[in-house]
Amino acid sequence: MSEPDSVAALETIEGAPGTPTSSVTEAGKSRTLAGDAWETLRGSWVFWGSLVLIAIFLVMAAWPGLFAHADPRDCQAMRARQEPSGSAWFGYDVQGCDVYARTMYGARASIIVGSLSTLMAMIVGAGIGVYAGFYGGWVDILLSRVTDIFIGIPILLGSIIILSSIPTPPGSDFLNIAKVALAISVLSWPSTARVARSAVIQVKQSDFVAASRALGASQSWMIRKHIIPNAAAPVIVITTISLGGYIGAEATLSFLGIGLQPPVISWGIAINDAAPYIRSTPHMLLFPALFLSLTVLAFIALGDVVREALDPKTM
Amino acid sequence: MFSKKTEELGKPEVDENQPLLRVRDLSVVFRTREGSAQAVNKVDLDLARGQTLAILGESGSGKSVSAKAIMGILDMPPAEITSGTIEFRGKDLLTMPEKERRLYRGQRIAMVFQDALSALNPVYTVGEQIGELFQVHRGLSRKDSKKKAIEMMDRVRIPGAAARVGDYPHQFSGGMRQRIMIAMAIALDPDIIIADEPTTALDVTVQAQIMELLAEMRRETGSGLILITHDLGVVAETADVISVMYAGRTVEHGPAVDVFANPAHPYTVGLMESMPRLTGAGDRLYAIPGLPPSLLNIPAGCPFAPRCPRAEDICRQDPPPPAVQLDGIRYAACHFAEEVVSHGIH
């Protein structure tokens with residue numbers, strides 16, 4: 001076989017269209033993953049709707065006095081279970097407290113418990129997930145089994161055991177709230193850990209991680225610069241969605257009488273107090289339940305649209 | 001932002017009198033559920049300064065695994081290096097602690113990946129990614145490393161580098177992305193550039209430009225280039241030395257001109273004949289019959305024997321001598337190497 005002819009064939013390609021000088025700079029603004037997601041979110045009414053609701057609830061949690069002028073702790077037995085009227089829009093509850101004021105003030109406990117549990121579950125879950133996913137091997141096996149054990153414990157049952165075995169510190173609303181948040185997050189981090197782990201394993205196999213290694217990056221550099229930014233999206237999504245779930249869990253635990261304890265004002269406690277009277281005076285249950293549902297719905301809807309927006313397949 | 005304990009800056013010192021790269025007896029095994037796959041089997045490679053070595057072979061022949069082993073980016077486990085040495089300027093990279101080894105990556109040995117789109121991180125601009133190198137290895141500030149990035153983009157002739165430094169990988173065409181990969185590979189003036197099928201993911205029209213750029217960068221920097229490919233056309237144009245791999249072994253090794261003119265292994269002959277030619281229009285394109293053996297179960301004797309038109313009983317029973325020396329630095333792992341060189345396989 002002599003000089004291959006394909007060499008000659010290759011020569012003719014030189015200077016073909018597509019040489020650097022003839023290539024055109026692509027027009028258009030920079031499109032990043034976040035930018036793309038923003039474009040999708042901007043036109044979504046679900047996104048704006050849930051965002052507005054969440055904003056309202058956040059303001060409500062921070063400054064309930066802006067919404068309610070009545071004192072939620074001003075309870076007079078003589079007006080117990082009065083129907084909604086001009087002076088008390090949501091009526092009065094069993095103790096004769098203003099339901100509207102108590103609903104507004106109740107947002108604070110729910111939002112704090114929700115955010116605190118989310119924060120703790122995210123730090124623990126994402127930390128363990130990233131560690132297990134990145135290092136693999138024995139570390140992964142060990143951490144994954146621990147995660148499985150925690151997933152095996154039913155959240156409600158587990159929290160009941162935890163909450164009933166730790167005495168409520170009297171006189172501090174915040175410690176009461178923190179205790180409930182802890183009980184919820186101790187049992188709910190595994191789902192975040194699983195999501196983070198699988199996201200990290202997926203990213204770890206990307207060529208750009210190998211490329212970064214080939215360029216001499218250290219492991220901590222790879223985790224910080226390449227793994228976490230690319231694995232963050234699913235963790236953000238599950239975190240947003242579960243925040244709604246944690247608020248619901250708080251209400252459930254308070255309803256059962258083992259979550260938040262009076263004098264803390266919370267929707268769960270209000271629902272618990274109102275439950276026996278549901279047939280005669282449903283307004284006492286209706287309003288706190290409505291606000292609870294709206295809050296949970298807002299966070300879950302937000303998480304859902306964010307998930308859709310961050311999903312590269314829908315871009 | 002990248003100081004403290006993590007990074008020593010600067011290139012590792014080496015002895016310039018030692019051979020650039022000397023791989024001896026390299027074996028890599030993948031441990032899988034189905035058994036052990038012998039991906040690389042006692043491979044020897046040599047590379048000198050300014051030289052281009054082409055490693056040629058089909059998918060699964062072990063060429064990429066060899067490159068990753070040299071680079072030190074094999075995933076271990078499942079991979080395991082069972083024997084051999086990889087000496088860079090006389091220093092064995094395999095016995096070196098990971099911390100020291102890392103300093104060689106990027107600074108002494110760099111790699112151009114096959115698919116630039118997946119080898120670039122989608123969440124950072126190309127400027128940040130080229131600049132990352134200068135931050136990691138040279139301790140430059142964000143601003144200075146961006147300047148360096150523009151410089152490098154100019155060097156690989158990306159038009160409008162200063163304007164495009166803030167663009168994301170997906171905003172570039174395939175050819176431009178591969179140029180960015182090359183810019184990253186040569187950024188720290190490595191002594192060896194490993195290009196793993198650098199043109200496979202590109203349009204035919206762009207392939208020649210990228211090869212030309214790689215060759216030019218090799219000339220400019222005086223580094224050695226290891227070109228991993230299954231594209232004979234690419235090899236013919238740029239390679240000085242060719243190693244042909246089959247089923248994890250080197251089956252033929254020699255100067256590119258000689259191997260092309262006069263292949264000494266029936267497998268190389270088959271590869272050459274399966275290349276489309278401008279003459280002989282209307283003929284059916286030749287294809288080597290059969291498939292490469294499963295690496296989990298490499299046949300006794302010569303691994304190519306079941307597909308070899310020249311095979312005799314001895315080929316099915318005895319493994320061929322690993323390197324029959326022909327003239328000069330030509331070797332072939334074939335019982336009949338001398339006859340194949342002089343008479344072909346028919």
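In which strand of chain B does Lys42(B) lie? Lys42(B) is part of strand 2 (residues 35-47) of chain B, where helices (H or I, at least four residues) and strands (E, at least two) are DSSP runs numbered from the N terminus. The model is predicted: local features need pLDDT of at least 70 and side-chain atom pairs count only at pLDDT 80 or more, while totals for chains, interfaces and linings use all residues. Residues are numbered from 1 along each chain as its sequence is written, and chains are lettered from A and ligands numbered from 1 in the order in which they are written.

Lys42(B) is not a glycine, yet has a positive phi of about 50°. Lys42(B) is partly exposed, with 16 other C-beta atoms within 10 Å; a residue is buried if 20 or more other C-beta atoms lie within 10 Å of its own, exposed if 12 or fewer, and partly exposed in between, with C-beta atoms placed from the backbone. Arg157(B), also not a glycine, has a positive phi of about 55°. Arg157(B) occupies the loop between helix 5 (142-155) and helix 6 (161-164) of chain B, and is partly exposed with 16 C-beta neighbours inside 10 Å.

Ser145(B), Lys146(B), Ala149(B), Met152(B) and Met153(B) are buried in helix 5 of chain B. Viewed down the helix axis, these buried residues fall within an arc of 120° and so line one face of helix 5 of chain B; the arc is that of the directions from the helix axis to the C-beta atoms. An α-helix has 3.6 residues a turn, so residues three or four places apart point the same way. The cover over the buried residues of helix 5 of chain B includes helix 4 (126-138), helix 6 and helix 7 (174-186) of chain B, contact being defined by C-beta atoms, placed from the backbone, within 7 Å.

Helix 11 (residues 266-273) of chain B is largely enclosed by the rest of the structure, because six of its eight residues are buried. These are Pro266(B), Tyr267(B), Thr268(B), Val269(B), Gly270(B) and Leu271(B). Among the elements covering them are strand 9 (241-246), strand 10 (249-255) and helix 13 (337-343) of chain B.

In chain A, helix 3 (residues 45-62) and helix 11 (residues 283-310) pack at an angle of about 140°, with their axes 9 Å apart. Axes are lines fitted to C-alpha atoms, for helices over the stretch in contact, and angles run from 0 to 180 degrees between N-to-C directions. Helix 3 of chain A is thus oblique to helix 11 of chain A; angles under 35 degrees count as roughly parallel, over 145 as roughly antiparallel, 65 to 115 as roughly perpendicular and the rest as oblique. Residues of helix 3 of chain A at this contact include Val46(A), Leu53(A) and Phe57(A). Leu53(A) is partly exposed, with 17 other C-beta atoms within 10 Å. Leaving aside residues up to four places away in sequence, Leu53(A) touches Leu294(A) and Ala298(A).

Helix 9 (residues 219-255) and helix 10 (residues 267-274) of chain A pack at about 40°, with their axes 7 Å apart, and are therefore oblique to each other.

Notes: Two residues are in contact if their C-beta atoms, placed from the backbone, lie within 7 Å.
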